[in-house]
Amino acid sequence: MREATETSAPSGDVEADRRRFIAEILDLNREIMREIHRGIPHEWLETEVTMPQFKTLMVLYGMDQATMGDLAESLGTGVSTVTGIVDRLVEHGLVQRVEDPRDRRVVVGRPTEAGVALVDRLLGAAREQMSRILERLGSDELRRVAESTRLVHRSATVVGSSAANPALGSRSD
């Protein structure tokens, strides 16, 4: 539900404000990510995987498992390219190929414990840096950040669910 000030303003002004806020939030988020990653380059540079391999591993980490076709679609590349990337991830022990339990003719990629541990380690380094940033805030500021983060999380959950079910993707004002 929208605030009273939003409902009394002409709809064009409200939408313009929404676009400005979204742009500001995205710009600030980009700057926050830069600050986070500025403090953790050694963790990311010490990995033995290429960027395409890392992207593939991240998609598998998020999906838990995927067919080569699903991976190719998610990454915006061809199945033969993804198959080669997955081959190298299998050689590194970061991904395993298994039969799809729903259709034994289909092979899916799934991160191994080592693959999950690598992603967790890299995300953990970013989490530690974010923790150092948040520790500089006072209690009231942290409360406001937590409230805002819950709102963004709720929206992200809806957007993630709507990717699987487009009927869920409407706005909650």
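The legends below describe an overview and several close-up views of a predicted model.

**Figure 1. Overview of the protein chain and the confidence of its prediction.** The protein chain has 8 helices and 3 strands, where helices (H or I, at least four residues) and strands (E, at least two) are DSSP runs numbered from the N terminus. In order from the N terminus, the elements run α-α-α-α-β-α-α-β-β-α-α. The mean pLDDT, the predictor's confidence in each residue on a scale from 0 to 100, is 85 for the protein chain, and 85% of its residues reach 70 or more. Of the 173 residues, 22% count as buried, that is, under 20% relative accessible area, with exposed over 50% and partly exposed in between (1.4 Å probe, protein chains only). Among contacts between residues at least 6 apart in sequence, 52% join residues at least 24 apart. Residues are numbered from 1 along each chain as its sequence is written, and side-chain values use heavy atoms, with hydrogens and water left out. Because the model is predicted, local features need pLDDT of at least 70 and side-chain atom pairs count only at pLDDT 80 or more, whereas totals for chains, interfaces and linings use all residues.

**Figure 2. Crossing of helices α5 and α6.** The axes of α5 (residues 68-75) and α6 (residues 79-91) come within 8 Å and cross at roughly 105 degrees. Axes are lines fitted to C-alpha atoms, for helices over the stretch in contact, and angles run from 0 to 180 degrees between N-to-C directions. The two helices, α5 and α6, are therefore roughly perpendicular to each other, the term for angles of 65 to 115 degrees. On the α5 side, M68, G69, L71, A72 and L75 meet V79, V82, T83 and V86 of α6. The residues of this contact divide into 7 nonpolar, 2 polar and no charged; Ala, Val, Leu, Ile, Met, Phe, Trp, Tyr, Cys and Pro count as nonpolar, Asp, Glu, Lys and Arg as charged, and the others, Gly among them, as polar.

**Figure 3. Salt bridge between R20 and D17 in helix α2.** A salt bridge is a side-chain nitrogen of Lys or Arg within 4 Å of a carboxyl oxygen of Asp or Glu, and by this rule the count comes to 10. The side chains of R20 and D17 meet at 2.1 Å, N to O. Both residues lie in α2 (residues 11-38), 3 residues apart, about one turn of the helix. D17 is partly exposed, at 31% relative accessibility.

**Figure 4. Salt bridges of R97 with D87 and of E99 with R104.** The closest N and O atoms of R97 and D87 are 2.5 Å apart. R97 lies in strand β2 (residues 95-100) and D87 in helix α6, so this pair ties together parts that are 10 residues apart in sequence. R97 is partly exposed at 35%, as is D87 at 31%. The side chains of E99 and R104 meet at 3.4 Å, N to O; E99 is partly exposed at 46%, whereas R104 is exposed at 64%. Elsewhere, salt bridges that share partners join D27, R30, E31 and R34 into one network.

Figure 5. At 17% relative accessibility, T47 counts as buried. Not counting residues up to four places away in sequence, T47 touches L118, R121 and L122.

Conventions
Parallel < 35°, antiparallel > 145°, perpendicular 65-115°, else oblique. Contact = heavy atoms within 4.5 Å.
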